Amino acid sequence: MSGKTTPMMEQYHALKQQAEGCLLFYRMGDFFELFFDDAKQAASILDIALTARGKDSGDPVPMCGVPVHAAEGYLARLIKAGCRVAIADQVETPEQAKQRAKREGTPSSKALVKRDIVRFVTAGTLTEEALLEPRRANMLAAVCEVRGSIGIASCDISTGRMVLESCDPGNLHAALARVGASEIITPDDWAGRLEDTISRPKSDFGSDDGERRLKTLHEVKTLDGFGDFDRAMLAAAGGLISYLEHVGRGDLPLLLPPRVRAGESQLSMDEATRASLEILTSQQGGRQGSLIAAIDRCVTGAGARQLADDLSAPLCDMAAISGRLALVHYLHQDPLLRADLRDVLRSLPDIGRALGRVVAGRGSPRDLGQIRDGLAEARRVRDFLSHKPDRPVLLESLLPLMGGHGALVDLMQRALVAAPPTERQNGGFIAEGYDASLDELRQVSGNARRAIAALEARYRDDTGIASLKIKHNGVLGYFIEVPARHADTLMAPDSGFTHRQTMKGAVRFNSLSLHEEAGRISEAGGHALAAEEEHFEMLAAQVVAARQEIAATADALSRIDVSAGQAERAAEGDWCRPQISEDTVLAIVGGRHPVVEAALAQAGDRFVANDCTLVPEDRLWLIGGPNMGGKSTFLRQNALIVLLAQAGGYVPAESAQIGLVDRLFSRVGASDNLARGRSTFMVEMVETAAILSQATDRSFVILDEVGRGTSTYDGLALAWAVVEAVHENNRCRCLFATHYHELSRLADRCDALSLHHVRAREWKGDLVLLHELANGPADRSYGLAVARLAGISKQVVARAKSVLDKLERGRAKTGGLAAGLGDLPLFAAVQADDDEPGDPVREKLSELDIDALSPREALEILYEIKRAAEST
């Protein structure tokens with residue numbers, strides 16, 4: 001094959017055109033081949049040899065290939081590298097191709113096997129076990145805008161869970177950060193508003209079409225039973241389903257009835273807050289060092305995925321939070337029950353993902369076996385817990401979901417072998433005794449194999465060739481093989497053997513008896529495989545029919561696993577059950593940072609716990625002290641305690657009273673964003689602006705070192721104004737860490753602000769960081785001592801001290817940086833005066849969408865602008 005036009009090249013190019021920019025895996029025998037630029041890109045990513053076909057023709061084609069049986073591993077690496085792959089498989093056998101060629105009147109020798117793209121493999125549409133992380137959901141999202149509202153449809157097709165939501169355009173990034181999608185689909189006229197999205201035709205995102213698709217998919221006449229969906233949600237759902245039909249080439253994966261995610265029912269966190277708190281991934285980009293890594297004690301992959309979902313979307317509903325906490329408490333109070341339950345859960349297969357593969361048409365006998373075993377174990381869990389007294393309400397609601405599969409489990413226990421194989425092509429997964437006719441076919445095949453063994457022994461005796469063997473391969477079938485030195489004996493005309501093939505050192509023959517026995521094996525084996533395939537399809541259909549009930553069982557098991565894991569973590573770390581209230585209070589005694597405490601424990605060190613009490617009359621703490629003293633840790637630990645409590649788990653503290661928080665904001669340790677052209681200071685200001693514009697009196701805000709990225713005067717001025725704005729306007733619970741000692745003057749002016757500091761002492765020239773929080777302002781700055789601790793040379797530190805002495809003498813003479821600030825009126829009093837007068841002409845022009853204006857509209861707007869300009 002070269003670059004010249006041949007039937008195979010024509011077929012390849014036609015399929016490549018359909019691949020829509022994806023790498024094309026072109027099936028040729030036992031390999032998927034890639035050609036041209038696809039081959040160069042894949043060879044580089046996979047580190048495999050790049051070869052060429054058609055070198056002699058003068059027009060070589062770059063190519064590389066991967067074995068079909070090992071394709072999943074290569075696909076995983078390509079997807080991880082950001083590629084999308086189209087699978088072009090053979091859709092007819094060579095024999096069928098020859099028969100088709102005969103009907104079409106073309107030579108059978110030139111018959112080209114038909115190929116077609118059977119599937120697109122993309123980051124968000126994976127279902128294969130080898131391509132998925134067991135403890136992490138793989139989300140796909142579709143986003144569109146309808147009448148100023150953003151619709152988001154998200155799903156994990158490996159389990160079928162689908163969620164619809166809508167939000168304001170300003171909250172889009174926060175919503176997508178919570179979803180954590182591997183792949184995002186947008187209309188082709190809207191993709192520019194988000195980075196790294198897949199564009200699809202705008203026509204796919206119609207709300208009416210989305211509603212129709214959902215009704216058809218779930219065989220209902222109305223969606224009212226699933227929830228109250230607005231037009232934006234339905235449009236996004238239409239785009240999502242259309243994309244899944246496209247990548248599946250008409251076949252849809254498992255999609256469960258959609259759920260509505262209401263924004264007010266969950267704790268809101270923006271993208272910066274999630275990154276700063278390192279909830280699911282650390283700043284280094286991995287799971288290690290994150291919150292979930294420190295608290296995950298789930299014994300199943302499904303439980304770990306549910307825990308990640310809980311931490312990504314903590315609740316704002318007090319009843320729901322209390323329900324989760326009651327179940328954790330129930331299991332925390334009974335260590336023996338918890339240990340027994342976790343032992344049972346540990347052996348559970350991932351029935352949710354096995355179900356997803358079966359419904360998607362990619363299931364294996366092993367998947368059916370996992371569903372059978374998982375449902376049987378779920379019934380055991382239900383029976384085990386049903387006999388326990390004083391069960392909490394949430395557990396009572398979960399128990400019925402873990403039963404009701406008796407008939408299906410019984411059927412699959414009778415039909416399947418104890419450990420079904422991962423492949424179904426070779427059969428062997430239907431249990432003996434389930435189908436009498438199948439057993440008979442297997443007996444015939446088995447008898448024939450024994451007959452072949454007996455035939456081999458007889459031929460050895462008759463010919464006197466002890467090395468004679470009867471072998472089998474996919475091309476010749478069964479054949480007799482002897483060393484070349486004995487071939488003359490079987491070549492004789494009256495020997496009863498027929499020459500088949502001469503090899504180096506061996507010669508192969510056939511015989512009438514062998515041919516008859518091989519025919520019996522082939523016929524019986526073919527019928528047996530067909531029978532097993534028929535049984536597989538029947539069992540898969542039974543599973544598909546019960547998919548919603550099986551998925552509900554999987555969800556119930558994962559919720560129990562999360563609760564047991566939370567109880568286990570609480571018992572390990574001596575965590576407490578938080579008290580949730582409607583008050584705007586945050587009262588934490590002996591609070592600790594779960595990630596830092598775990599890291600210190602590994603090093604054999606002890607974490608220093610601290611209290612935090614924010615109440616309406618003391619809701620803003622200004623915290624000073626040296627770097628490395630623990631200010632940032634203190635800020636983060638209190639935010640994480642709020643998050644853990646509202647996710648429904650115990651918290652690392654002696655006691656905790658959490659007044660429900662509607663929004664959580666964290667501006668801690670900002671870094672630059674060069675990709676968006678933003679400096680560290682710009683990122684800090686953007687994040688601070690979001691806090692000042694969105695935080696309510698029920699929010700919790702942590703701010704660290706606001707203003708440090710610019711000049712001293714600018715930074716102090718900004719920090720001063722931000723503290724006043726939070727105190728006077730937002731009126732939220734807030735922890736504000738700073739090095740500007742001058743801000744302590746605000747304590748005399750802001751009645752709900754108090755001063756605190758992390759303690760440190762110098763002992764014999766060394767700085768001792770105590771990591772304890774104390775009341776009052778910091779007594780001094782320890783910057784030079786921290787520099788010395790970090791390894792700055794004595795000469796540099798000494799020089800810095802002399803400069804510092806001169807600066808402080810100058811400050812004493814002038815009154816310091818904060819001289820005169822005490823005479824300023826408070827933020828609220830000057831806010832109206834400081835607003836710059838608006839420019840109506842500029843504002844009108846900035847609002848225009850010029851491309852959408854007709855000539856007449858443009859003329860009318862010009863007259864309007866002229867009148868406005870004349871009136872100013």
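I begin with helix 14 (residues 365-386) and helix 16 (residues 406-415), whose axes come within 9 Å and cross at roughly 135°. Axes here are lines fitted to C-alpha atoms, for helices over the stretch in contact, with angles running from 0 to 180 degrees between N-to-C directions. Helices (H or I, at least four residues) and strands (E, at least two) are DSSP runs, numbered from the N terminus. Helix 14 and helix 16 are therefore oblique to each other, given that angles under 35 degrees count as roughly parallel, over 145 as roughly antiparallel, 65 to 115 as roughly perpendicular and the rest as oblique.

Which residues make the contact? Helix 14 contributes L368, I371, R372, L375, A376 and R379, and helix 16 contributes G406, L408, V409, M412 and Q413; contact means heavy atoms within 4.5 Å.

A word on the basis of all this. The model is predicted, so to speak of local features requires pLDDT of at least 70 and side-chain atom pairs count only at pLDDT 80 or more, while totals for chains, interfaces and linings use all residues. Residues are numbered from 1 along each chain as its sequence is written, and side-chain values use heavy atoms, with hydrogens and water left out.

I turn to the cores. A nonpolar core is a set of buried Ala, Val, Leu, Ile, Met, Phe, Trp, Tyr and Cys residues joined through side-chain atoms within 4.5 Å. Buried means under 20% relative accessible area, exposed over 50%, and partly exposed in between (1.4 Å probe, protein chains only). The largest core has 106 residues, and L311, I371, I658, F700 and L735 have the most contacts inside it. Its largest share, 10 residues, comes from helix 20 (residues 547-573). A second, separate core of 41 residues includes A19, M63, F120 and Y243.

Next, W575, in the loop between helix 20 and strand 18 (579-581). Is W575 buried or exposed? It counts as buried, at 4% relative accessibility. Beyond residues up to four places away in sequence, W575 touches several others, including I295, R592, P594 and Y650.

Finally, P60 sits in the loop between strand 3 (51-53) and strand 4 (61-67). P60 is partly exposed, with a relative accessible area of 41%.
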